[in-house]
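Biologist: Before we start, please show me the chain. I would like to go through the labels and ask what each one rests on.

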Amino acid sequence: MSERKNFFRFVVPSILAFALSGVYTIVDGFFVGQSLGDIGLAAIVLGYPIAAIIQAIGTGIGLSGAIRYTIMQAKESEEQRSCFGGTTLLMLAISGLITFLLLVFLHPLLRLLGAEGEILRLTAEYIQVIAIGTVFQLLATGFVPFIRNMGGSTFAMTAMIAGFLTNVFLDAVFVPKWGMAGAAWATVIGQAVTMLAAVGFFIRKKTAVALPPLSGILQFFGSVGKVAIAPFGLTISPTITIILMNRFLLLYGNEQDVAAYSCISYVICIAYLLLQGVGDGSQPLISKHYGEGDMTATKGVRRLAYETAFAITVVCMAALFLARNSVGPLFGASADASQEVAHYLPLFLAAMLFVSYVRVTTSYFYATEKTGLSYGPRARQSSPWQPMWQERS
């Protein structure tokens, strides 16, 4: 199989999987917007950063573990089994911590994000359910990189599609009955379907599982966390913009402005996730060639990733510009909010070419263990994977 064909065999399913991972809340926004209008859209977009952070944590930890798993693929070892088991244990522990923190500090957190009055009530109704289902969301996004790196790129995409279709169907059923809570339950159950499909994949593959030595498990968690920072930051960076924009729009604007921005952020985030799908879809091949010491092949995959990301960027920019007048009505925004969407969306499209380069480059850095560079150009380059949980002499 040619390198180009092999590249697209990994990348196309990854692009679709990332796109679907980002549209859970967007689908919620579509149904809620149709039912509740601008105030529902405003509530969904205020809650979106919390859901996005949960998914970004799962992506970061899962990808961090999967990268090491792939680099050790030449021979299955106790360390490889411990990598999978220890990463899963870390995801379970963090999901429990997130659930606890969200349920205890939910209202102060939402006020910090700018929610007040009826928007606060609706957003809290949504996030309470999201918090309860954190474990499903985090494991669903965290297991997908392992499936992809075990040669199951198409299955990972299928699992995401199954969860997405479940979410769409349940949104149509639940939102008219239970509003915001119904939308959240649809998201949680959809993610649970993806997680169960992933577990089935591991069982069918007879994936061996072990845990790192108890004496070194905290150091293992730290090693995973160091690499996870880069993919987590890459996934969450648009969400930071959303948080700041929401805060200032509520301070200096109104619900209509937040609703307009929610529509823009939805479509822009999907485009960004497509680009991340290119970067992370190429990661298994990059890590494999890197582990084999073949830097020519490694850089060849990176070149294909740049070309693909640029092509996707151009298509997305053109499509969204031409469809700018239809974005607001699609999500049920009011006529005034839809007009704002059409006016301001082109400004957000202008940055996409830069984003395409950054996303592929950062993915390349953490796929080749250049963790310091993946954090930023001034960071110190180091490899936290040597060792995993014991220091070498």
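Modeller: Ring pairs join Tyr69, Phe84, Phe143, Phe146, Phe155, Phe201 and Phe202 into a cluster. Keep in mind that this is a predicted model.

Biologist: How many aromatic pairs are there by this rule?

Modeller: The count comes to 13 aromatic pairs. In one of them, Phe7 and Phe8 have 5.1 Å centre to centre and 80 degrees between the planes.

Biologist: What makes the pair of Phe7 and Phe8 edge-to-face?

Modeller: The centres must lie within 6.5 Å, and planes over 60 degrees apart count as edge-to-face. The values for Phe7 and Phe8 are 5.1 Å and 80 degrees, and the pair is edge-to-face.

Biologist: Why is the pair of Tyr364 and Phe365 called tilted?

Modeller: The centres of Tyr364 and Phe365 are 6.2 Å apart and the planes are at 55 degrees. Stacked needs under 30 degrees and edge-to-face over 60, so this pair is tilted.

Biologist: Why are H3 and H5 called roughly antiparallel?

Modeller: The axes of H3 (residues 78-112) and H5 (residues 134-149) come within 9 Å and cross at roughly 155 degrees. Angles over 145 count as roughly antiparallel, and H3 and H5 are therefore roughly antiparallel to each other. Their crossing is right-handed.

Biologist: Which residues of H3 and H5 meet?

Modeller: Among them are Phe84, Met91 and Ser95 in H3, which meet residues of H5 including Leu138, Phe143 and Phe146. By class, the contact of H3 with H5 has twelve nonpolar, six polar and no charged residues.

Biologist: What is the relation of H9 to H12?

Modeller: H9 (residues 295-322) and H12 (residues 352-367) pack at about 155 degrees, with axes 9 Å apart. The cut-off is again 145, and H9 and H12 are therefore roughly antiparallel. The crossing of H9 and H12 is right-handed. Contact residues include Lys299, Arg302 and Tyr306 of H9, and Tyr357 and Tyr364 of H12. The classes are twelve nonpolar, four polar and two charged.

Biologist: What makes Ala131 buried?

Modeller: Its relative accessible area is 1%, and the limit is 20%, so Ala131 is buried. Ala131 lies in H4 (residues 117-132). Leaving aside neighbours within four places in sequence, Ala131 is in contact with Thr99, Leu102 and Leu103.

Definitions and conventions:
Residues are numbered from 1 along each chain as its sequence is written. This is a predicted model: local features need pLDDT of at least 70, side-chain atom pairs count only at pLDDT 80 or more; totals for chains, interfaces and linings use all residues. Side-chain values use heavy atoms; hydrogens and water are left out. Axes are lines fitted to C-alpha atoms, for helices over the stretch in contact, and angles run from 0 to 180 degrees between N-to-C directions. Helices (H or I, at least four residues) and strands (E, at least two) are DSSP runs, numbered from the N terminus. Angles under 35 degrees count as roughly parallel, over 145 as roughly antiparallel, 65 to 115 as roughly perpendicular and the rest as oblique. A crossing is left-handed if the near helix is turned anticlockwise from the far one by less than a right angle, and right-handed if clockwise. Contact means heavy atoms within 4.5 Å. Ala, Val, Leu, Ile, Met, Phe, Trp, Tyr, Cys and Pro count as nonpolar, Asp, Glu, Lys and Arg as charged, and the others, Gly among them, as polar. Buried means under 20% relative accessible area, exposed over 50%, partly exposed in between (1.4 Å probe, protein chains only). Rings of Phe, Tyr and Trp (its six-membered ring) pair if their centres lie within 6.5 Å; planes under 30 degrees apart count as stacked, over 60 as edge-to-face and the rest as tilted.
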